[in-house]
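Subject: Structure handover

Hi,

Here is the structure for your files. Please open it alongside this note.

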Amino acid sequence: MPNIEHIKCHKCRNILLSDFASIYSSALCGDQKCSSYSTKNFAFLHEDNLPKWIRLKIEEERWTRGKLYCENCGCKVGTFDFVSGRKCECGNSVLPPVHFISSQVDVPITLNLFQSIK
């Protein structure tokens with residue numbers, strides 16, 4: 001069975017993140033899941049357990065804003081913004097500041113989806 005927890009660069013398939021489940025942010029707005037947190041466009045990450053290469057890039061930019069690039073091929077895979085505090089679509093919460101762009105990375109299949117395909 002393939003490892004479904006990795007996030008890989010869409011261009012070169014380099015593993016960017018090996019434990020997606022531990023830092024993926026699927027925050028809730030009120031009682032229902034906000035559509036801003038859909039992995040259709042972005043995969044938001046918790047700040048607490050970021051991989052070393054992302055933390056180094058954030059510290060290099062002095063916790064302001066910047067872009068995340070694949071260490072292997074240089075493709076832009078995400079961004080971070082600790083300045084703006086962008087709100088979600090429903091306006092009830094602030095989106096996590098670090099995210100991968102879903103079209104630039106291979107986002108893992110959730111275990112439930114993988115089991116339903118079998």
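Below are notes on the cysteines and then on the sheet.

This is a predicted model: local features need pLDDT of at least 70, side-chain atom pairs count only at pLDDT 80 or more, and totals for chains, interfaces and linings use all residues. Residues are numbered from 1 along each chain as its sequence is written, and side-chain values use heavy atoms, with hydrogens and water left out.

Cysteines

The structure has zero disulfides (a disulfide is a pair of cysteine sulfur atoms within 2.5 Å). Cysteine 9 has its closest cysteine sulfur in cysteine 73, at 3.7 Å, which is too far for a bond. Cysteine 70 is in no disulfide either; its nearest cysteine sulfur belongs to cysteine 12, 3.6 Å away. Cysteine 9 is buried, at 0% relative accessibility. Cysteine 70 is also buried, at 4%. Buried means under 20% relative accessible area, exposed over 50%, partly exposed in between (1.4 Å probe, protein chains only).

Sheet

Four strands form an open, antiparallel sheet, ordered β3-β6-β5-β4. Strands (E, at least two residues) and helices (H or I, at least four) are DSSP runs, numbered from the N terminus. Two strands pair if DSSP finds at least two bridges between them. The edges are β3 (42-45) and β4 (65-69), each pairing on one side only. Four bridges join β3 to β6 (residues 98-101), and the two run antiparallel. Phenylalanine 42 has isoleucine 101 in β6 as its bridge partner.

Helix α2 (residues 52-60) packs on the sheet and touches β3, β4, β5 (76-81) and β6 (contact: heavy atoms within 4.5 Å).

Best wishes

Methods:
Axes fitted to C-alpha atoms, helices over the stretch in contact; angles between N-to-C directions.
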